[in-house]
Amino acid sequence: MSPSLPSGILGDLDPTSDRAVFRQIADQLREAIDRGRFREGEKLPSEAELVEHYGVSRMTVRNSFSILQGEGLVHAEHGKGVFVRPRPPVRRLASDRFARRHREQGKSAFIVEADAAGGHPQVDSLEVKEEKASPDISTRLGSVRRVLARRRRYLLDGRPVEFATSYLPLDIARDTQIAEPNPGPGGIYARLEELGHRLDHFEEEIRARMPSPDEVKTLRLASGVPVIHLIRTAFDAEGRPVEVCDTVMAADAYVLSYQLPAT
């Protein structure tokens with residue numbers, strides 16, 4: 001006999017609705033997730049349980065799961081079932097992440113965020129090289145022709161959550177510790193300030209979009225998970241742009257948090 005669901009977990013279908021049955025099932029599962037009836041990491045009812053509960057075919061249930069996967073709410077594990085995806089573990093507090101006190105403590109922004117999330121930070125896929133600046137990067141850095149590019153991927157507890165490329169003018173970065181694979185405690189911003197470029201402010205542009213195939217592979221993204229694409233420019237106290245950082249983040253790994261003045 002097929003297993004049955006506990007009473008009250010899910011409702012019944014509305015036979016008078018013009019909404020497709022598989023969409024009604026997806027709506028009920030989504031509401032149950034939102035209300036906490038199925039918690040982060042918890043397994044959803046099996047196909048057999050839902051087939052029995054709703055009196056529908058397995059294909060109908062699979063179509064319902066596909067909707068939720070496309071929304072990034074759940075993920076399937078082969079041979080195990082469908083599970084509620086964890087909520088974003090990393091809170092990116094824009095007003096604090098580049099505070100000078102973190103650099104003085106020898107911590108980069110990602111390490112600060114990972115510590116707050118209680119996770120283990122790692123950096124891999126590191127590449128440092130001189131290259132020609134793209135037109136966009138050149139414009140952002142004040143019409144420079146060549147840059148030092150630092151590419152790296154960030155992981156939290158072994159899971160890739162973002163990858164980023166920093167572009168710095170060669171007249172600042174060449175033959176300095178910034179050009180080394182490990183720029184030292186506090187990261188490249190600490191080194192920039194040691195070189196006399198005291199950081200004054202940052203400008204960020206943020207947009208959400210669906211990932212490219214390469215981004216899906218690099219960040220090991222589940223189906224339906226978008227990315228956050230952020231471009232940040234760092235300015236020193238003289239108003240010179242000293243770095244542009246192009247970052248792509250897994251949207252299911254981050255909450256972007258801001259504090260805005262009331263005046």
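# Reading a predicted fold, feature by feature

Guide: Let's begin with a pairing: strand 1 (residues 74–77) and strand 2 run antiparallel and are joined by 4 bridges. Please keep in mind that this is a predicted model.

Visitor: Happy to start there. Which residue stands opposite glutamate 77 in strand 2?

Guide: A general idea comes with strands: in a regular one, side chains alternate between the two faces of the sheet. In this case, glycine 81 of strand 2 is the residue facing glutamate 77.

Visitor: How many residues lie between strand 1 and strand 2 in the hairpin?

Guide: There are 3 residues between them, and glycine 79, in the turn, has a positive phi of about 80°. Another positive phi, near 100°, belongs to glycine 196, which follows helix 8.

Visitor: Before we go on, what does the secondary structure of the protein chain come to?

Guide: The chain has 9 helices and 10 strands. Of its 263 residues, 44% count as buried. As for contacts with a separation of 6 or more, 60% of them are between residues 24 or more positions apart.

Visitor: What is leucine 44 in contact with, leaving aside its neighbours within four places in sequence?

Guide: Its partners are Ile33, Phe38, Phe65, Leu68, Val74, Val82 and Val84.

Visitor: Let's turn to helices. Is helix 8 mostly covered or mostly uncovered?

Guide: First the general idea: an α-helix has 3.6 residues a turn, so residues three or four places apart point the same way. Helix 8 (residues 187–194) is mostly covered, with 7 of its 8 residues buried. The buried ones are Gly187, Ile188, Tyr189, Ala190, Arg191, Leu192 and Glu193.

Visitor: Where is asparagine 63 found?

Guide: Asparagine 63 is in helix 3. Its relative accessible area of 31% makes it partly exposed.

Visitor: On to charged pairs. How many salt bridges does the structure hold?

Guide: It holds 19. One of them joins the side chains of aspartate 124 and arginine 153, at 2.8 Å from N to O. Aspartate 124 lies in strand 4 (residues 121–132) and arginine 153 in strand 5 (residues 146–156), so this pair ties together parts 29 residues apart in sequence.

Visitor: Why does arginine 153 count as buried, while aspartate 124 counts as partly exposed?

Guide: The idea is a cut-off: buried means under 20% relative accessible area, and exposed means over 50%. Arginine 153 is at 12%, so it is buried. Aspartate 124 is at 25%, so it is partly exposed.

Visitor: Which residue forms a salt bridge with arginine 151?

Guide: Glutamate 131 does, with the closest N and O atoms 2.9 Å apart. Here too strands 5 and 4 are involved: arginine 151 lies in strand 5 and glutamate 131 in strand 4, so the pair ties together parts 20 residues apart in sequence. Arginine 151 is partly exposed at 23% relative accessibility, whereas glutamate 131 is buried at 16%.

Visitor: And what about glutamate 204: which arginine does it form a salt bridge with?

Guide: Its partner is arginine 232, and the closest N and O atoms are 3.8 Å apart. Glutamate 204 lies in strand 7 (residues 199–209) and arginine 232 in strand 8 (residues 227–236), so they tie together parts 28 residues apart in sequence. Arginine 232 is buried, with a relative accessible area of 5%. Some salt bridges share partners, and these join Glu127, Lys129, Glu131 and Arg151 into one network.

Visitor: To finish, which residues form a nonpolar patch on the surface?

Guide: Ile206, Tyr258 and Leu260 do, with about 320 Å² of accessible area together. Tyrosine 258 is in the segment after strand 10 (254–257), and its 39% relative accessibility makes it partly exposed.

Note on methods. Residues are numbered from 1 along each chain as its sequence is written. This is a predicted model: local features need pLDDT of at least 70, side-chain atom pairs count only at pLDDT 80 or more; totals for chains, interfaces and linings use all residues. Side-chain values use heavy atoms; hydrogens and water are left out. Contact means heavy atoms within 4.5 Å. Patches are made of residues with over 30% relative accessible area and no salt bridge: like charges are joined within 9 Å, nonpolar side chains (Val, Leu, Ile, Met, Phe, Trp, Tyr) within 5 Å. Accessible areas come from the Shrake-Rupley method with a 1.4 Å probe; for residues, only the protein chains shown count as cover. A salt bridge is a side-chain nitrogen of Lys or Arg within 4 Å of a carboxyl oxygen of Asp or Glu. Helices (H or I, at least four residues) and strands (E, at least two) are DSSP runs, numbered from the N terminus. Buried means under 20% relative accessible area, exposed over 50%, partly exposed in between (1.4 Å probe, protein chains only). Two strands pair if DSSP finds at least two bridges between them.
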